[in-house]
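Biologist: I am new to this structure and would like a close look at a single part. Please take the sheet and walk me through it slowly.

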Amino acid sequence: MSAVVRRLRVSDAVDLQGSCFPEQTLDAVQAYAEWCLRQMETGRLLRLVAEVDGHAVANGQLTLQGDQAEIGSLVVAATYRRQGIGRQLLRALIAEAEGRGVGILVLAADVQERWLRAWYEREGFVHIGEHLLPRDERVSVLQMQLGDREVE
Ligand SMILES: CC(C)(COP(=O)(O)OP(=O)(O)OC[C@H]1O[C@@H](n2cnc3c(N)ncnc32)[C@H](O)[C@@H]1OP(=O)(O)O)[C@@H](O)C(=O)NCCC(=O)NCCS
């Protein structure tokens with residue numbers, strides 16, 4: 001399935017709460033979206049959504065600092081998974097980072113989801129180690145050097 005990938009709008013909060021963050025209140029998702037939009041104006045953050053039939057069904061973000069950036073909050077609504085939307089959004093975030101001259105792109109993936117590391121590696125990320133987060137969550141830290149990546 002091909003989705004339309006675009007920048008977050010404040011009006012996406014209703015769709016995103018229902019599709020990606022059902023465990024959060026609409027007020028919380030709305031407040032976070034507003035915060036993201038303020039950060040986007042400063043150039044420190046980019047949050048993208050993937051839209052299907054006029055509704056936001058996935059989102060992901062890029063946090064920019066100097067020549068580095070981190071991908072976070074990559075979530076596809078459960079009913080839209082395994083249809084290529086996650087990969088489309090991930091590729092769009094990588095392209096945005098490249099377009100901004102980012103040299104190193106990093107992200108953290110839950111090691112319990114064993115397939116996730118391979119999913120990122122297929123897109124050109126390299127596992128550089130594991131990290132233990134508060135609440136005993138172990139993550140695989142993955143990195144991509146932009147400019148010299150190889151994609152399947
Ligand atoms: C990670 C995530 C964004 C992937 O998005 P997606 O749209 O489902 O992924 P794609 O359709 O682009 O890729 C699908 C491929 O990924 C792999 N994959 C996806 N989900 C999988 C699962 N539950 N088990 C094993 N492999 C899986 C498979 O290779 C799959 O291909 P296949 O369906 O032909 O077997 C989505 O699963 C998600 O939102 N997960 C919850 C939040 C999360 O963990 N985010 C990552 C934070 S680092």
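Modeller: Let us begin with a term: a residue is called buried if 20 or more other C-beta atoms lie within 10 Å of its own, exposed if 12 or fewer do, and partly exposed in between, with the C-beta atoms placed from the backbone. By that rule Leu64 is buried, because 20 other C-beta atoms lie within 10 Å of its own.

Two remarks about the model come next. Residue numbers start from 1 along each chain, following the sequence as it is written. The model is predicted, so local features need pLDDT of at least 70 and side-chain atom pairs count only at pLDDT 80 or more, while totals for chains, interfaces and linings use all residues.

Back to Leu64, which sits in strand E3. Strands (E, at least two residues) and helices (H or I, at least four) are DSSP runs, numbered from the N terminus. Two residues are in contact if their C-beta atoms, placed from the backbone, lie within 7 Å. Setting aside neighbours within four places in sequence, the contacts of Leu64 are Gly43, Arg44, Leu45, Ala69, Arg100 and Val102. One of these contacts is Leu45; Leu64 and Leu45 are 19 residues apart in sequence, with 5.9 Å between their C-alpha atoms.

Now for the whole sheet. Seven strands form an open sheet with mixed pairing, in the order E1-E2-E3-E4-E5-E7-E6. At the edges are strand E1 (4-7) and E6, each of which pairs on one side only. From one strand to the next, the twist averages 25°. Angles like this one run from 0 to 180 degrees between N-to-C directions, and axes are lines fitted to C-alpha atoms, for helices over the stretch in contact. In general, the strands of a sheet pair through backbone hydrogen bonds, either parallel or antiparallel. Here, two strands pair if DSSP finds at least two bridges between them.

Let us follow the pairs across. E3 and E4 run antiparallel and are joined by seven bridges; Gln65 has Gln68 in E4 as its bridge partner. E4 and E5 are parallel, over three bridges, and Glu70 stands opposite Val106 in E5. Going from E4 through H3 to E5, the chain makes a right-handed β-α-β crossover. Right-handed here means that, with the strands pointing away from the viewer, the path from the first strand over the helix to the second runs clockwise. Helix H3 itself lies across E1, E2, E3, E4 and E5, and runs at about 30° to E3.

Ala108 stands opposite Val141 in E7, and Asp110 stands opposite Val139 in E7. E6 and E7 also pair in the antiparallel sense, over seven bridges, and here His131 stands opposite Val139.

In general, most residues other than glycine have a negative phi. The hairpin of E6 and E7 has three residues between its strands, and Arg135 takes a positive phi near 70° there. Asp136, in the loop between strand E6 (126-133) and strand E7 (137-145), has a positive phi near 60°. Asp136 is exposed, because its C-beta has 6 others within 10 Å. In the loop between strand E2 (45-52) and strand E3 (55-65) sits Asp53, whose phi is positive too, near 50°. Asp53 is likewise exposed, because 7 other C-beta atoms lie within 10 Å.

Strand E4 (68-76), helix H3 (85-99), strand E5 (104-110) and helix H4 (114-122) each give at least two residues to the shell around the ligand. A residue is near a molecule if its C-beta atom, placed from the backbone, lies within 6 Å of it. There are 15 residues around the ligand, and those that come nearest are Arg81, Arg82, Gly86, Arg87 and Trp115. The shell divides into eight nonpolar, three polar and four charged residues. In that count Ala, Val, Leu, Ile, Met, Phe, Trp, Tyr, Cys and Pro are nonpolar, Asp, Glu, Lys and Arg are charged, and the others, Gly among them, are polar.
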